[in-house]
Amino acid sequence: MAGEVHLRDVTPDDLPIFFEHQLDPVATEMAAFPSRDRGAFMAHWDKVLADESAIKQTILVDGQVAGNIGSWEQDGERLVGYWIGRDYWGHGVATAALSQFVARIAARPLYAHVAKTNVASQRVLEKCGFSTIGEDDEEFITVLAKGH
């Protein structure tokens, strides 16, 4: 593991780091999610931060911002998503963060959508008790938390 993983509430000071993370072309390809320009990115995060029903946390590794993780309601389902800066990939950060995060959320079931080609993220979800419940015709697999 890269270091000690902790979660805390997102602050506006985290957003420039999140913005840089989502500009990484390798990460956007892996996530099958396009990056946003600064204006669109900040508008998105303004909505996220204003949504009191959403849970949004910053992932810290040894006190440094490594990514973000959150949960929100969409189409009657409680979804979970995360984005880890590439410098922190392969060190157990996503697994540690998701494990901590899921333990803090009482709502079940929790759903996640992951790109079929993102084997690393699929493995993180499996390690945290998620299992596959279906696939779409496009590029995503839907998984849900154990205990449904």
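The protein has five helices and seven strands, where helices (H or I, at least four residues) and strands (E, at least two) are DSSP runs numbered from the N terminus. Read from the N terminus, the elements go β-α-α-α-β-β-β-α-β-α-β-β. Keep in mind that this is a predicted model, in which local features need pLDDT of at least 70, side-chain atom pairs count only at pLDDT 80 or more, and totals for chains, interfaces and linings use all residues. Residues are numbered from 1 along each chain as its sequence is written, and side-chain values use heavy atoms, with hydrogens and water left out.

Now for the overall size. The C-alpha atoms fill a box of roughly 35 × 30 × 30 Å along the principal axes. A compact globule of 148 residues would have a radius of gyration near 15 Å, and the protein, at 14 Å, agrees with that. (This radius is taken over C-alpha atoms, and the globule rule is 2.2 Å times the number of residues to the power 0.38.)

How much of the protein is buried? Buried residues make up 45% of the 148. Here buried means under 20% relative accessible area, exposed means over 50%, and partly exposed is in between (1.4 Å probe, protein chains only). Take Val 93, in helix α4 (residues 93–104): its relative accessible area is 1%, so Val 93 counts as buried.

Next, look at the charged pairs. A salt bridge is a side-chain nitrogen of Lys or Arg within 4 Å of a carboxyl oxygen of Asp or Glu, and by this rule there are five. One of them joins Asp 24 to Arg 86, with the closest N and O atoms 2.7 Å apart. Asp 24 sits in the loop between α1 (15–23) and α2 (25–31) and Arg 86 in the loop between β4 (77–84) and α4, so the pair ties together parts that are 62 residues apart in sequence. Asp 24 is buried at 13%, whereas Arg 86 is partly exposed at 40%.

Another salt bridge brings together the side chains of Glu 135 and Lys 116, at 3.4 Å from N to O. This pair also links distant parts of the chain, 19 residues apart: Glu 135 is in strand β6, and Lys 116 is in the loop between β5 (110–115) and α5 (119–127). Glu 135 is exposed at 55%, while Lys 116 is partly exposed at 30%. Glu 73 and Arg 78 form a salt bridge too, at 3.4 Å from N to O. In that pair, Glu 73 is partly exposed at 46% and Arg 78 is buried at 10%.

Then there's the backbone. Most residues other than glycine have a negative phi, and most peptide bonds are trans. Yet the peptide bond from Arg 108 to Pro 109 is cis, with omega near 0 degrees, and Pro 109 is in the loop between α4 and β5. Asp 62 has a positive phi, near 50 degrees. You'll find Asp 62 in the loop between β2 (55–61) and β3 (64–74), and at 52% it is exposed. Asp 75 has a phi near 50 degrees as well; Asp 75 lies in the loop between β3 and β4 and is exposed at 74%.

Finally, where is Glu 138? Glu 138 is in the loop between β6 (130–135) and β7 (140–145), and it counts as exposed at 64%.
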